[in-house]
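Please look through the sequence and the structure shown here, and then read the short briefing that follows, which takes up two residues and the overall layout in turn.

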Amino acid sequence: SAMPSPPTCRYCGSPWDQYQLCSTHFCCQLVLSCSACRQGGHTACCPTCQTKGQGEEPSATPTQREECTDGWPRIPQDAL
Ligand SMILES: [Zn+2]
Ligand SMILES: [Zn+2]
């Protein structure tokens, strides 16, 4: 019977068992990335997240919400 393989860093394959959240804030997946790889910027669970995490503003609003509010009637500032 095969021994269960120890957890390893997903980027370099060295033994590592400290799960961290993916650096992309909307992903919420756990990733095994060793300290050396994290210092190298490998903090996401996958290449897609890695690219997204670097390219998007944290304060950006979802596109779906913008499309939704776009159809709302405009209330004049005087009425408030
Ligand atoms: Zn590593
Ligand atoms: Zn991710």
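**Ser23 and its surroundings**

Ser23 counts as partly exposed because 19 C-beta neighbours lie inside 10 Å, whereas a residue is called buried if 20 or more other C-beta atoms lie within 10 Å of its own. The model is a predicted one, and the points below describe what was computed from it.

Where Ser23 sits and what it meets:

- Ser23 is found in the loop that runs between strand S1 (19–21) and strand S2 (30–32).
- Leaving aside residues up to four places away in sequence, Ser23 touches Thr43, Ala44 and Gly53.
- Ser23 and His42 are separated by 19 residues in sequence, while in space the distance from C-alpha to C-alpha is 8.8 Å.

- Cys46 belongs to the loop between helix H1 (35–39) and helix H2 (47–55).
- Because Cys46 has 14 C-beta neighbours inside 10 Å, this residue counts as partly exposed.
- Between Cys46 and Val31 there are 15 residues of separation in sequence, and their C-alpha atoms are 8.5 Å apart in space.

The protein as a whole:

- The protein contains 3 helices and 2 strands, and when read along the sequence these elements follow the pattern β-β-α-α-α.
- Of the 80 residues in the protein, 11% are buried.
- If one takes the contacts between residues at least 6 apart in sequence, 27% of them join residues at least 24 apart.

Definitions and conventions
Residues numbered from 1 in each chain as written. Chains lettered and ligands numbered in written order. Predicted model: local features only at pLDDT ≥ 70, side-chain atom pairs only at ≥ 80, totals over all residues. Helix = DSSP H or I, 4+ residues; strand = E, 2+ residues; numbered from the N terminus. Buried ≥ 20, exposed ≤ 12 C-beta atoms within 10 Å, placed from the backbone. Contact = placed C-beta atoms within 7 Å.
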